[in-house]
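I opened my notebook for a friendly look through this model.

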Amino acid sequence: MDLLSLIKHKKVLILDGATGTQLAQRGAPAGGRANIEAPDTVTAVHRAYIDAGSDCVITNSFCMNRVYMKANNFSVSVSDMNARAAELARKAAGDRALVLGGFGPTGELLKPVGNITEAECEEAFAEQARALADAGVDAFIVETMMDMNEAACAVRACKRNFKLPVIASMTYATTRDGGRTTMGHRAGGCARILAAAGADILSCNCGDLDPAETAIIVSSYKNASDLPVLVEPNAGKPVLDDNNNAVYSMPPGEFAQGVLECIRAGASLAGGCCGTTPDHIRALAEMAASL
Amino acid sequence: MADFEALKNSVIDMDPDRAVELTQSAVAQGVAPLDIVNMALIPGIDVVGQKFRDFEYFLPEVIMAAKAFKAAFEVILPHLNEAGYEPKGRVLIGTVSGDNHDIGKNIVIALLQGSGYEVHDAGVDVSAQRFVELVRDIKPHVVGMSALLTTTMAVMRDTIAELSGAGLRDSVKVIVGGSCVNPEFAQKIGADGYGEDASEAVKLVDRLLAV
């Protein structure tokens, strides 16, 4: 079943949780490098989420666009990297879960504040979309965007050549004014701009909000648009552990209770971002099943 | 009489053309270059920082205001050099390894230079070992580390440990900043200070070096 039909069939569709911390726990490098250096570990992380109840998993291809990869000295091509990420997710998912091709920011700000044009940005995303689609992903998810214009570039790049559904996810710095990103963009404005760019699902992930606060963003989205809404909050706000590492430590039960607030506000898809684990996803799935 | 208030406002209003024009006119009137910085440009950036903290300004406004500051400072720089100003101190600054975010770091550099410091930019993705090498080579009075990602904060802790291991910890003041960092963390890892934003970072360096 495709993503949009699945949403209609399930009260709450469950996505996956954090990938980076799970890779680190298993001794793999962070980010896209793991696809090359520890492919079995990437598949194991995807599998752990599916076993915990994820209906969809996101490819380990965050920021694997040409702008970011060049700035960070990757020696692999964009198409090889993304094809590999999609294959590893598919291997774990089989027909048990959908595979969402993941995008992150380029790391550059758009002109005139930054140095990259919208055309260059859109081209970079189009190249990544091509690689992910060719490798057979079921849908696209654009995440952790603080600039609605960059997010819109990514949505347009996906929609230009492919019919696959696109989820567009922004990251908020504050709940003020119904939610504003670091760029100052309001949640309501993001909803309208991203819907106009062709997004099928609106989302909010990561950022400075805890799971319950994320419900404010959901309300802003719902006031501006009829599109389905996904939430992927962090496991609370970071705190320092005994070794002065910043960790996200909200326990799974409390996390699921916070997400429940988002569902009451109108969200119909839920997953997790920084610090969430298969246990957080299991708690989400149990909470969703009880509704 | 130079119009410091108008120049300050040109920074707050993110208007590089006006900032340059007013700076040129102040220089032509013979105002001391550092007075222009200290009485107009830095106070302007202070207001911008406050507006950012109050969620009145967001990242685009801060970056554009920093561009106005920089444009004005570039007018002043040759006059500073001509007047034979000695730098107030030497600062080494970089974004820690695993992190490639340089917006905040670059604004801090612009402000430190603008307020009279010699600044060495170590760039982004700088490892603890690399910081130690650079401290040995450049002999800065202050080392500044920046991080945006919570996952990279530990590099700050490691850098301080490596500086101690190399016997260099007492030769420099270490300061940290970035959106994931807070005063509690700075204190826990044994840093000498934390800057909430770029103008606070300049005040912190002034305070640490007692200038």
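**Entry 1: helix H9 of chain A**

I began with helix H9 (residues 187-197) of chain A and looked up its buried residues, which are Ala187(A), Cys190(A), Ala191(A), Leu194(A) and Ala197(A). They lie on the same side of H9(A), because the arc they cover around the axis is only 135 degrees. I then turned to the other side of H9(A), where I found Arg192(A) and Ala196(A) exposed. I keep in mind that this is a predicted model.

What covers the buried residues of H9(A)? My list includes helix H8 (148-161) and helix H10 (214-224), along with strand E5 (166-170) and strand E6 (201-205), all of chain A.

I also checked what follows H9(A): Gly198(A) does, and its phi is positive, near 115 degrees.

**Entry 2: chain A against chain B**

Next I went to the interface. I noted 22 residues of chain A in contact with 18 residues of chain B. Between them, chain A and chain B bury about 1,600 Å², and 62% of that is on carbon and sulfur atoms. Which residues of chain A lose the most area to chain B? I wrote down Val113(A), Leu240(A) and Asn244(A), which together make up 32% of what that side buries.

I sorted the residues on the side of chain A that touches chain B and got eleven nonpolar, eight polar and three charged. For salt bridges between chain A and chain B, my count is zero. Polar contact between chain A and chain B gave me seven residue pairs, with both residues at pLDDT 80 or more.

Terms used
Residues numbered from 1 in each chain as written. Chains lettered and ligands numbered in written order. Predicted model: local features only at pLDDT ≥ 70, side-chain atom pairs only at ≥ 80, totals over all residues. Heavy atoms only, no water. Contact = heavy atoms within 4.5 Å. Buried area = accessible area lost by both parts, 1.4 Å probe. Salt bridge = Lys/Arg side-chain N within 4 Å of Asp/Glu carboxyl O. Polar contact = N/O pair within 3.5 Å; in protein donor to acceptor, adjacent residues only side chain to side chain. Nonpolar A, V, L, I, M, F, W, Y, C, P; charged D, E, K, R; others polar. Buried < 20%, exposed > 50% of the residue type's maximum accessible area, 1.4 Å probe, protein only. Helix = DSSP H or I, 4+ residues; strand = E, 2+ residues; numbered from the N terminus. Arc of directions from axis to C-beta.
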